[in-house]
Amino acid sequence: MTDSVPSTEVSSARRYNYWLGGTDNYPVDRESGDAIAARFPSVPLAARENRKFLGRAVRHLSGLGVRQFLDIGTGIPSAGTVHEIAPGARVVYADHDPLVLAHARKLLSGSTAYLHGDLREPEPILAGARGTLDFTQPIGLLLIAILHFAKDHDQPHTHVSTLVEALPPGSYLAVTNATLDFAAPDDAADARRMLGHEMEWRSAAELGRFFDGLDLVEPGIVPVSDWHADESDRPDPAEVSSYGAVGRKP
Ligand SMILES: C[S@@+](CC[C@H](N)C(=O)[O-])C[C@H]1O[C@@H](n2cnc3c(N)ncnc32)[C@H](O)[C@@H]1O
């Protein structure tokens with residue numbers, strides 16, 4: 001289990017922070033980020049579009065009356081954290097990167113908590129979340145731009161289903177996952193060569209397996225920029241290469 005990402009090794013949290021314009025990253029993260037962006041210049045756009053999906057999903061669920069969120073794979077805090085988007089909501093944040101833990105105080109307000117935890121060990125996350133969230137009331141489980149770091153051999157479907165099973169009816173699962181469904185063949189081949197050791201791109205059907213037993217919220221599994229978006233000038237799905245979807249637990 002990866003519990004620590006030293007400053008000499010690339011951290012997905014710090015590299016994402018770099019792409020989002022943050023300063024909480026090391027040379028090794030910037031070098032990796034620049035190398036990927038040199039081949040795939042729209043990667044920072046994809047990071048921003050994933051953050052925008054997070055905002056739209058949380059606002060949508062808040063509009064449906066959801067007042068509690070479990071955000072696993074929180075990342076280094078940046079503008080638009082869940083409790084900023086949904087003021088007053090109870091929020092539990094969790095990430096396995098110690099640098100996120102080091103910044104956790106920025107995530108703490110009256111009704112939030114931070115857990116150092118790993119998606120691949122869902123029980124301690126659930127146990128910790130029970131201190132803040134009321135598991136008799138609907139909860140929005142947020143897995144934004146994290147599942148593509150969970151390779152299939154890590155059994156993410158089992159872990160997600162453990163989390164979803166613990167949620168009461170009327171809860172929601174919101175997910176984004178990188179995909180190569182829109183990529184040109186040479187782009188897909190280069191992406192696999194450069195990042196295949198750390199990423200699991202998923203097709204819409206593969207992502208759909210995480211929603212087994214849930215009712216997909218309209219419009220279903222779609223390019224992340226298209227989910228409940230109101231902007232007319234949305235980026236091309238091939239530039240963002242991410243699916244987004246939300247499902248409701250009946
Ligand atoms: C690309 S960032 C996404 C951050 C945030 N969810 C967002 O959308 O802006 C992915 C985050 O997931 C975290 N992460 C990756 N694998 C994880 C795991 N197995 N358990 C917990 N966190 C994980 C990383 O440390 C990183 O902070």
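Reader: How many nonpolar, polar and charged residues does the shell around the ligand have?
Author: The model is predicted: local features need pLDDT of at least 70, side-chain atom pairs count only at pLDDT 80 or more, and totals for chains, interfaces and linings use all residues. Residues are numbered from 1 along each chain as its sequence is written, and side-chain values use heavy atoms, without hydrogens and water. Ala, Val, Leu, Ile, Met, Phe, Trp, Tyr, Cys and Pro count as nonpolar, Asp, Glu, Lys and Arg as charged, and the others, Gly among them, as polar. By class, the shell has 7 nonpolar, 6 polar and 5 charged residues.

Reader: Which residues come nearest to the ligand?
Author: A residue is near if one of its heavy atoms lies within 4 Å. There are 18 residues around the ligand. The nearest are R51, G73, D95, L119 and I144.

Reader: How far is the side chain of D95 from an oxygen atom of the ligand?
Author: A polar contact is a pair of N or O atoms within 3.5 Å. On the backbone side, an N or O atom of G73 lies 2.6 Å from a ligand nitrogen, and a polar atom of G75 is 3.4 Å from a ligand oxygen. For D95, an N or O atom of the side chain is at 2.6 Å.

Reader: How much of the ligand's accessible area does the protein cover?
Author: Areas come from the Shrake-Rupley method with a 1.4 Å probe. On its own, the ligand has 600 Å². The protein covers 96%.

Reader: Where does the ligand sit?
Author: A pocket is an open set of points on a 1 Å grid over the protein atoms alone, where a 1.4 Å probe fits, with protein on both sides within 12 Å along at least five of seven lines; lining residues have an atom within 4 Å of a point. A molecule sits in one if more than half of its atoms lie within 2 Å of its grid points. The ligand sits in the largest pocket.

Reader: Which element gives the most to the lining of the largest pocket?
Author: The lining has 41 residues, with S12, A13, H96, I146 and F149 nearest the centre. Elements giving two or more residues include α3 (43–63) and β1 (68–72). The most, 4 residues, come from α1.

Reader: How much space lies in the second largest pocket?
Author: Volume is the space filled by probe spheres set on the points, which are joined across faces, edges and corners. The largest pocket holds about 840 Å³. The second largest pocket holds about 520 Å³.

Definitions and conventions
Polar contact = N/O pair within 3.5 Å; in protein donor to acceptor, adjacent residues only side chain to side chain.
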